[in-house]
Amino acid sequence: MAIEAASSLHRPIKIWTDSLSSLMAILNPKSHHSMAREIQNILLSHERNHLRWLKAHVGYLGNECADQLAKEAITKGDPFFLPKPLSYLKSEIRSASLSIWQDNWDNGETGRSTHDIVPRVSNKPVGWNREELMFVTGHGPFPPYLHRFTLRTHDNCSCGEIGDPVHYATKCRFTLSWYFQTPTVSLKLQWLKNILTNNLSRTRLRLLMSFICDQNNLIVEDNH
């Protein structure tokens, strides 16, 4: 509205605003926002008019008056509507999507071991490779996992103990070369987090998992 009013005057005009996002949208030559494109056309046809940015809520009289008038217009219910920029809508959609995803992740019935390590959802990948994913989830050449799908007749390793990932990382006689220190039950989660945040430990873990995958018939006996 101010830009339209200024364009009707026959003298240079400077319009000040505290909305940096609006100015950036107007300065973007590739903007698809209809209002931004309209303002760009007005400014191009009235080159003596200029937009300037000022910091909000620092005592500029004109800026404080504009804020007060805007509040009064909202309070009175005047039909004054400014469409939100596309960047704002994208941010709101992303935030809502992450919130729904987080709720599903917190209340799901599967992936609980992974949830303990990565409780917060994110668009950024955690950076685990295949071997690390198998170890964290237990979805790999482990007797309990294979037994669940009737690919083994029992949960035990060849040495007689339950063949879960922690067993192969700390106890199994076939994987002695890659042993980690055995964690207490209360510190198991922190133990696993420490492994996944240490480059040397992650390398040893990958070597352990590669051995288990390559020598699965040696360390997992079946009763068939």
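Close-up 1. Helices here are DSSP runs (H or I, at least four residues), numbered from the N terminus. The model is predicted: local features need pLDDT of at least 70, side-chain atom pairs count only at pLDDT 80 or more, and totals for chains, interfaces and linings use all residues. Residues are numbered from 1 along each chain as its sequence is written, and side-chain values use heavy atoms, with hydrogens and water left out. Thr150 has a positive phi of about 55°, although it is not a glycine. Thr150 is exposed, with a relative accessible area of 66%. Exposed means over 50% relative accessible area, buried under 20%, and partly exposed in between (1.4 Å probe, protein chains only).

**Close-up 2. The largest nonpolar core.** This core has 23 residues. A nonpolar core is a set of buried Ala, Val, Leu, Ile, Met, Phe, Trp, Tyr and Cys residues joined through side-chain atoms within 4.5 Å. Phe135, Trp191 and Leu205 touch the most other members. Two or more residues each come from α7 (130-137), α9 (165-170), α10 (188-196) and α11 (199-214). The largest share, 5 residues, comes from α11. In soluble globular proteins, nonpolar side chains tend to be buried together.

**Close-up 3. The surroundings of Trp191.** Trp191 touches Phe135, Val166, Ala169, Thr170, Phe180, Gln181 and Pro183, leaving out residues up to four places away in sequence. Contact means heavy atoms within 4.5 Å. Elsewhere, a second, separate core of 6 residues includes Ile15, Leu23, Ile26 and Leu43.

**Close-up 4. Helix α11 and its cap.** Ser201, Arg202, Leu205, Leu208, Met209, Phe211 and Ile212 of α11 are buried. The buried residues of α11 pack against α7, α9, α10 and α12 (216-219). Asn198 caps the N-terminal end of α11. A side-chain oxygen of Asn198 lies 3.0 Å from the backbone nitrogen of Leu200. At 1.5 Å a residue, the 16 residues of α11 should span 22 Å, and the end C-alpha atoms are 23 Å apart, which agrees. The expected span is 1.5 Å times one less than the number of residues.

**Close-up 5. The second largest pocket.** About 350 Å³ of space lies in this pocket. Of its 18 lining residues, Ser113, Val136, Thr137, Lys188 and Leu192 are the closest to the centre. α6 (112-117), α7, α9 and α10 each supply at least two lining residues. The largest share, 5 residues, comes from α6. A pocket is an open set of points on a 1 Å grid where a 1.4 Å probe fits, with protein on both sides within 12 Å along at least five of seven lines; lining residues have an atom within 4 Å of a point.

Definitions and conventions: Polar contact = N/O pair within 3.5 Å; in protein donor to acceptor, adjacent residues only side chain to side chain. Points joined across faces, edges and corners; volume = space filled by probe spheres on them.
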